[in-house]
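Hi everyone, thanks for coming. Please bring up the sequence and the 3D view, and we'll walk through them together.

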Amino acid sequence: MTQLALVIDLNVCVGCHACVTSCKEWNTSGWAGPMVDQNPYGASPNGTFFNRVQTFEVGTFPDTETVHFPKSCLHCEEPPCVPVCPTGASYKRADNGVVLVDYDKCIGCKYCSWACPYGARELDAEQKVMKKCTLCIDRITDAKLSERDRKPACVLACPTSARLFGDVHDPDSEVSVAIRERGGYQLMPEWGTKPANHYLPRQKTRIHIDPDELTRVDNPLRKEDLTSYTGEETLDDVAW
Amino acid sequence: MHPAFSVIFLTTLIGAGQGLYLAMVTGQLYAVARFLPRQEEQFYAIGSLVALVLLVAGLAASFFHLGRPERAWRAAAKWKTSWLSREVIVLPLVMALVFAYGIAHLLDWTQPLFRVGQSLDVDVTLLLGLLGTVASFALYVCTAMVYAGVKFLEEWHTPLTVTNFIFFGAASGFMLAAAYSAYVGNPLVTFYGTWAAILTLVALGSRLAHLLRNARIKHKSTVQTAIGVRHTALTQRAQGATGGSFNTREFFHGGDSRLLVLIRYGFLILVFPVPILLIGAAYVTESSTLPILAFVIQFVGLMLERWSFFAEARHPQNLYYQSVA
Ligand code: SF4
Ligand code: SF4
C-alpha cells in the first residue's frame with residue numbers, strides 16, 4: 001500500500017516560511033479554501049494555516065543552536081483523529097494514506113482536534129469546519145500536471161530543499177532512503193500513532209586534526225628549519 | 001483545555017436530568033417493594049417532565065458547541081468507533097424513555113400486565129422505568145467516555161472520570177428530587193435527601209481520588225519527544241503565529257493558576273459540604289426551602305467542577321505552544 005508523506009530536513013531548514021505562504025496561497029484558492037484571515041494587517045492577525053514554522057533554541061546562551069521546526073499534519077498510519085469523528089468527515093484515504101476532512105460532512109465539533117497529540121488540526125473561524133494539511137491532494141492526484149509539479153506546494157516552494165515528498169512504504173523512494181540513511185525519526189513515538197511524516201535530525205560536520213598534521217616531521221626544503229647556520233655547507237648547496 | 005460553556009451546561013444539565021429521572025424510578029421501586037407509600041401518579045409524571053426539560057436544555061446547549069449545528073444529525077453515523085456518536089444516539093433515546101415514563105404515569109397506565117412470583121405486579125410504568133434506567137446509565141457512560149476515551153488527555157483518561165460523571169449526575173438528580181418533593185410538600189423529601197447526601201459523599205470520594213491521581217500525573221510526552229531533539233534546555237522562540245491560533249485558544253483555559261485553585265476550592269465547598277449541611281438542616285427544621293437551596297448551590301458548584309475538569313487537562317499539543325503553556 002502507498003503511504004504518501006513528507007520528510008523534513010531540520011538540518012537545512014532556514015525558517016524562511018516559504019512553505020507556509022505557498023501552502024496558504026495554494027490551498028486558500030483551491031479545493032480546501034478559502035482559509036480565513038481575520039484582521040490580517042492589524043495587531044493581532046488570526047487565520048487558518050495547514051503548516052506553520054516554529055523556532056526552538058537548543059542549549060543555553062552562548063552555546064545555543066537554533067532549530068526551525070515546520071509543523072503540519074503527519075498523516076499518521078494509525079490516525080487517532082479518525083475513529084473519534086462522529087460523522088465520518090475525517091477519514092484516511094485507502095489508496096495513498098492521506099488523512100482528509102470532508103468539509104461537507106464536518107459539524108465542527110472539534111473532537112478530532114482533541115484526539116491529535118500534535119495540534120495539527122485547526123477549526124476555520126468562518127467556515128466552522130475542521131481543516132488540516134491535505135498534502136495538496138488536488139495537486140498530487142492531478143494527472144494533468146507534469147511529474148515535477150505533482151507535489152505539495154510547500155515542497156516546490158522550499159528554497160533549501162528541506163522538504164522531501166514521496167511514498168514511505170516504497171523502500172527505494174527518495175523519502176525512504178533519506179529516513180533510512182540519515183536518521184529520520186517520528187514525533188512523539190510514545191503514542192503509537194505511527195506518523196507517516198518523518199524529520200531528519202540536525203547534523204554537524206566535524207573534522208579531526210592531529211598536531212603532527214600542523215607541524216611537518218620531514219622538512220626537505222628547510223622552510224621551518226630553526227637551526228642557525230654559520231657558513232657551512234647546507235643541503236641546498238649539495239642538492240643543486 | 002478550554003472550558004466551553006456549551007459543554008459545561010450540557011454535561012451538568014443532562015447529568016441532573018438523568019439523576020432526577022433515576023430518583024423517580026427509585027421512588028417507584030421502593031413503593032413497589034412497599035418500603036415507601038406509593039405516590040400519586042402525578043408526582044412521578046411531573047418529576048419526569050422536569051427531568052425531560054433538563055435533558056432538552058442540555059441538548060440545546062450542546063448545539064452551541066458545534067460550528068455547523070444544522071448538520072448535527074450526521075453525528076449519529078460513526079457509533080461503532082466514536083463515543084461522541086454514541087452519546088448523540090443515546091441522549092434522544094433517554095429523552096424518549098423519560099417522556100414515555102412520564103406520560104404512562106400521567107395517563108395512569110398502571111393496570112398490571114403480568115405478575116412475577118407471588119405479588120410483583122408489572123405494569124407499563126415499571127417496564128419503561130427499567131428500560132429508562134438502563135439507558136440513563138448508558139448515557140452517563142457515553143458522556144464520560146467522550147472525555148475518558150481520549151488517551152492524549154491523560155488527566156481524563158481514567159475510569160475515575162466515568163465514576164465522577166455517574167455520581168455527580170446522580171447526586172444532583174436526587175438533590176433535585178428532594179427539592180421537588182419539598183416544593184410540593186411531599187414527605188419523600190427525607191428519602192431523597194438521604195440518598196442525595198450518600199451519593200454526594202460517594203462523588204466526593206471519586207473526585208478526591210481523581211484530584212489525587214492528577215496531582216501525581218507524569219505526562220508521557222515532553223518537548224524533547226515533541227520535536228525530537230535530545231537536550232535538556234529547549235526554549236521556544238516562535239510559535240508560528242503572531243496573534244495566536246486555534247491551537248492557543250482551544251487547548252488553554254486562559255485564566256491564571258490562582259483562578260484555577262480558587263475554582264477548585266469553590267467547587268469542593270459548594271458541591272459537597274454545603275448541600276449536605278443544608279439537607280441536614282432541612283431535616284431538622286422541616287424547612288421546605290432549604291432543599292431547594294441545597295440543589296441550586298450544588299448545581300452552581302457542579303458547573304465550577306466542570307470548568308475545573310476542563311482547565312486541569314493539559315493536552316500534549318501544548319508542548320508546541322510553550323509561551324502560552
Ligand atoms: S498528525 Fe494529527 S491530524 Fe494528522 S493524522 Fe496524525 S493525529 Fe490526525
Ligand atoms: S470537527 Fe468535523 S472532522 Fe472533527 S470530529 Fe467533529 S465532525 Fe469530525
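Let me begin with a question: which residues come nearest to ligand 2? They are C85(A), C106(A), C109(A), K110(A) and C112(A), out of 13 residues around ligand 2. A residue is near a molecule or strand here if one of its heavy atoms lies within 4 Å of it.

Before going on, a word on what you're looking at. This is a predicted model, where local features need pLDDT of at least 70 and side-chain atom pairs count only at pLDDT 80 or more, while totals for chains, interfaces and linings use all residues. Residues are numbered from 1 along each chain as its sequence is written, chains are lettered from A and ligands numbered from 1 in the order in which they are written, and side-chain values use heavy atoms, with hydrogens and water left out.

Back to the ligands. The shell of ligand 2 divides into nine nonpolar residues, three polar and one charged. For these classes, Ala, Val, Leu, Ile, Met, Phe, Trp, Tyr, Cys and Pro count as nonpolar, Asp, Glu, Lys and Arg as charged, and the others, Gly among them, as polar. Ligand 1 is surrounded by 13 residues, and the closest are C73(A), L74(A), C76(A), C81(A) and C116(A). Its shell has ten nonpolar residues, one polar and two charged.

Now to the cores. In soluble globular proteins, nonpolar side chains tend to be buried together. A nonpolar core is a set of buried Ala, Val, Leu, Ile, Met, Phe, Trp, Tyr and Cys residues joined through side-chain atoms within 4.5 Å. Buried means under 20% relative accessible area, exposed over 50%, and partly exposed in between, using a 1.4 Å probe and protein chains only. The largest core has 136 residues, and W114(A), M24(B) and Y147(B) are among those with the most contacts inside it. Which residues does W114(A) touch, leaving aside its neighbours within four places in sequence? Its contacts (heavy atoms within 4.5 Å) include M1(B), Y147(B), W156(B) and H315(B). There is also a second, separate core of nine residues, which includes A5(A), V7(A), V168(A) and V175(A).

Strands of a sheet pair through backbone hydrogen bonds, either parallel or antiparallel. Two strands pair if DSSP finds at least two bridges between them. Strands (E, at least two residues) and helices (H or I, at least four) are DSSP runs, numbered from the N terminus.

In chain A, three strands form an open sheet in the order β10-β1-β11, with mixed pairing. Strands β10 (163-167) and β11 (198-200) of chain A each have a single partner strand, so one side of each is left without a neighbour in the sheet. From one strand to the next, the twist averages 25°. Helix α5 (residues 174-181) of chain A packs on this sheet, and its direction makes about 115° with that of β10(A). Axes are lines fitted to C-alpha atoms, for helices over the stretch in contact, and angles run from 0 to 180 degrees between N-to-C directions.

Another open sheet uses both chains: its order is β5(A)-β4(A)-β3(B), with antiparallel pairing. At its edges are β5 (65-72) of chain A and β3 (234-238) of chain B, each pairing on one side only. Strand β4 (residues 51-58) of chain A pairs with β5(A) over eight bridges, and T55(A) has H68(A) as its bridge partner. Six of the eight residues of β5(A) are buried, so this strand is largely enclosed by the rest of the structure.

Finally, some backbone details. Most residues other than glycine have a negative phi, and most peptide bonds are trans. Where do we find cis peptide bonds? One joins G33(A) and P34(A), with omega about -10°, and another joins F61(A) and P62(A), with omega about 5°. P62(A) lies in the loop between β4 and β5 of chain A.

As for phi, K128(A) has a positive value of about 60° although it is not a glycine. K128(A) is partly exposed, with a relative accessible area of 35%. E286(B) has a positive phi near 55°, and at 72% relative accessibility it counts as exposed.
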